[in-house]
Amino acid sequence: MSLLDGLNARQREAAETIDGPLLILAGAGSGKTRTIIHRIAHIIETGQAWPSQILAITFTNKAAGEMRERIAKMNIEDSKRIWMSTFHAMCARIMRSHAQWLGYDDNFVIYDMDDQKRLYKSLIKELGLNDKYFTNQFLSGEISTAKNNFVSPDAYLKENSGDFRKEKVAVYYKRYQESLKANNAMDFDDLIYNTLVLFKGFPEILEQYQNRFKYIMVDEYQDTNHSQYELVNMLAAKYKNICVCGDDDQSIYGWRGADINNILDFEKDYASARVVKLEENYRSTQTILDCANSVIARNTGRKEKALWTNNDGDEKIMIASFNQGYDEARFIVDEINDTINKGQGIYGDFAILYRTNAQSRLFEEALMRAGLPYQLIGGTGFYSRTEIKDIIAYLNVLSNPKDNMGFMRIVNVPKRGIGSATIEKIAEYANFKSFSLMQAFHHVEEIPELSPSVKNKVRAFSELMKELAAIQETASLSELIAAVIEKTGYLEMLETGKMDKGESRLENLQELVSSATDFEKNSDDQSLSAYLETVALSSETDKYDGDQGKVLLMTLHNAKGLEFPIVFIPGLEEGIFPHGRAMDSPEDIEEERRICYVGITRAMKRLYISWAAERTLYGRRQLQTPSRFLKEMPDAVCVENKQRYERKPEIDIEMKKNKTFSERVTQSKVAIRRNNANAVNLNNSPSENNFGLTDKVKHKKFGIGTVVEVKSNMISVAFPGVGIKKMDPTFVEKA
């Protein structure tokens with residue numbers, strides 16, 4: 001029996017194409033993971049490479065874990081030796097071996113956003129910057145973007161010379177990097193950035209990995225940023241056996257640096273590239289796919305493809321309109337209850353997918369009132385909870401005594417009476433001796449400025465950490481964590497009620513010990529540093545369990561890669577979906593449309609899409625306009641909802657007299673039919689195009705341009721200094 005049995009013709013073609021560059025354009029639900037796994041197995045079984053010569057990169061730990069499990073079940077010898085991980089985990093592994101080349105110790109810690117914020121508070125004060133003008137969000141965003149584009153602090157300063165604010169960012173960026181290194185720490189972006197620095201600075205190390213990886217596969221290639229793109233192409237430079245798999249129609253991470261052109265231009269980067277399209281869908285009904293195909297076809301920056309399926313089912317998509325957001329939430333909960341009561345599903349079949357986290361509140365409240373079980377993905381994650389981060393900080397300092405940020409978190413948790421004045425004196429001594437704060441505590445007898453009583457407190461903490469370090473030498477990981485919880489006094493603090501929600505926090509710490517036990521069972525490397533790395537690189541979607549038996553609430557971004565029998569997508573309103581930030585940019589609108597496409601293609605059997613005429617946003621009641629995406633959904637696959645709830649008379653009056661609102665409804669081609677039980681009418685006529693060749697037009701962002709191409713619902717405009725942009729005619733006006 002062949003390993004390729006069971007693949008369809010296109011999947012088999014992709015799996016059998018081994019040598020040279022290969023682009024697998026895999027539509028949603030088309031079995032790309034199955035294809036990738038069988039391709040890897042085929043390479044090994046035909047003797048083209050050893051498992052250790054194969055590098056497979058994914059974007060989530062969950063996907064990497066699933067791939068490892070599936071290939072293990074195929075009984076491929078030494079399959080554990082395949083490098084199969086996320087970009088960040090791969091780079092962390094490389095840096096553990098070569099960190100010293102860049103001036104780090106191999107026990108460096110990985111700072112998450114909370115750690116970065118603590119460092120920010122310290123640096124903003126040190127540099128005398130205004131925290132209202134230079135917020136943590138702004139500075140961390142600028143630095144992340146710079147690293148994703150492989151821009152160093154000096155290069156950032158050079159690029160932004162003359163811009164006062166950006167010059168200050170450059171100063172902060174440089175000091176931030178210095179502080180990270182002093183703490184023997186890297187942030188997430190550093191893992192990839194520093195790997196590039198390593199490869200570019202030490203070609204002999206790059207050559208080791210180029211020789212090692214004969215075959216390279218990258219999943220979700222449409223989500224790669226510039227640094228990831230550069231890293232992959234550097235590794236593939238010797239053999240050029242690079243296979244990238246992805247779907248340009250699902251590129252939804254532009255806001256965090258993903259560049260859709262990486263996948264669109266793959267054939268330019270590799271002229272001999274072979275392209276295989278996976279268009280047969282195994283997830284959804286044809287009705288759902290017809291809707292998705294119709295919406296995404298409006299985008300101009302994409303590769304042509306159309307999903308199809310042999311799956312049964314022709315239930316139409318319900319498009320529902322409501323007076324208010326509360327009505328929308330109540331309807332969704334009622335639909336879930338009705339479906340359950342009819343025996344047509346279980347709670348775990350349902351997912352409510354929304355554009356922004358702020359939308360979850362109404363649905364949480366409605367589900368709680370109805371007593372329905374639900375799981376919220378994207379709230380406070382397990383490893384982001386205070387008690388968990390406290391214990392992890394203890395472990396970080398044990399693993400890496402140079403971690404001053406971690407030290408500052410734990411030195412007075414639980415309270416030990418070591419005040420800020422004491423810390424400042426010890427910090428002065430540490431700076432003078434080039435010690436970390438933990439090292440300085442171990443040398444407390446050498447600091448004359450401290451009183452005997454203060455020295456006793458400092459000495460007690462020093463002895464505690466030495467005791468825990470001794471336990472670390474002989475204890476298992478789970479035993480070490482249990483010892484930290486008990487011996488630090490953290491357990492007593494929770495049991496005696498000195499911290500709120502003590503009982504639930506204690507349960508979370510017990511779960512932390514359990515997570516360490518699981519890690520010990522499933523990991524080859526059971527070291528503390530390996531565990532801390534796993535914790536640092538985890539995400540909430542990695543912990544999503546589809547067998548929870550609960551209604552799932554999550555953003556559309558978090559839903560990518562998942563599937564659910566019944567899906568609700570609420571809030572299809574201008575300013576919400578598409579998001580208000582995207583309104584002035586054709587490129588951003590195309591990304592919003594891709595997010596819509598991702599949402600639609602999560603549904604397996606049934607799909608509900610809804611909007612509300614009035615919603616409370618930012619504490620104010622606002623009238624809402626139906627989303628432009630609604631008009632792009634074909635009438636043939638949609639059914640109108642007969643609204644169950646009475647429309648408030650004052651909303652009717654407001655809608656009639658509010659000319660702007662009415663005009664916007666007409667413009668979006670979605671109207672409320674007053675003569676048909678307040679149902680939604682979908683009009684799919686294309687945007688009016690009254691422009692001709694050589695017409696001068698004005699765009700809010702690009703300025704004055706000349707029309708160089710005209711189609712029924714799209715024009716191409718040449719903007720001086722910008723280039724040619726394809727866009728919907730509604731984005732411009734005649735100049």
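1. Two residues are in contact here when heavy atoms of theirs lie within 4.5 Å. Keep that in mind for this predicted model, where 12 residues of domain 1 are in contact with 10 residues of domain 2.

2. The domain assignment gives domain 1 as 7-95 + 191-279 and domain 2 as 108-182. It also lists domain 3 (295-378 + 542-639), domain 4 (381-535) and domain 5 (693-732). The C-alpha centres of domain 1 and domain 2 are 31 Å apart.

3. How much area do domain 1 and domain 2 bury between them? The value is about 850 Å², with 65% of it on carbon and sulfur atoms. On the domain 1 side, Leu191, Tyr193 and His226 lose the most area to domain 2, and together they make up 52% of what that side buries.

4. Now for the polar side of this interface. Zero salt bridges turn up across it by the rule, but five residue pairs of domain 1 and domain 2 are in polar contact.

5. The biggest giver is α9, with five residues. Sorted by type, the residues of domain 1 that touch domain 2 are six nonpolar, three polar and three charged.

6. An unreviewed UniProt entry places the feature "domain: UvrD-like helicase ATP-binding" at residues 5-285. Over that stretch, the chain is 50% helix and 12% strand, and its end C-alpha atoms are 25 Å apart.

7. One to click on joins glutamate 66 and arginine 70, whose closest N and O atoms are 2.9 Å apart. Why are these two separated by about one helical turn? Because they sit four residues apart in helix α3 (residues 61-72).

8. Most residues other than glycine have a negative phi, and most peptide bonds are trans. Yet a cis peptide bond joins valine 413 and proline 414, with omega about -5 degrees; proline 414 lies in the loop between α18 (404-410) and α19 (420-433). The bond from phenylalanine 577 to proline 578 is cis as well, with omega near 10 degrees, and proline 578 is in the loop between β13 (564-569) and α27 (586-600). Phenylalanine 150 has a positive phi, near 55 degrees, in the loop between α6 (136-148) and α7 (153-159).

Conventions
Residues numbered from 1 in each chain as written. Predicted model: local features only at pLDDT ≥ 70, side-chain atom pairs only at ≥ 80, totals over all residues. Heavy atoms only, no water. Domains from an automatic or database assignment. Buried area = accessible area lost by both parts, 1.4 Å probe. Salt bridge = Lys/Arg side-chain N within 4 Å of Asp/Glu carboxyl O. Polar contact = N/O pair within 3.5 Å; in protein donor to acceptor, adjacent residues only side chain to side chain. Nonpolar A, V, L, I, M, F, W, Y, C, P; charged D, E, K, R; others polar. UniProt positions renumbered as here; feature names shortened; annotations may be inferred.
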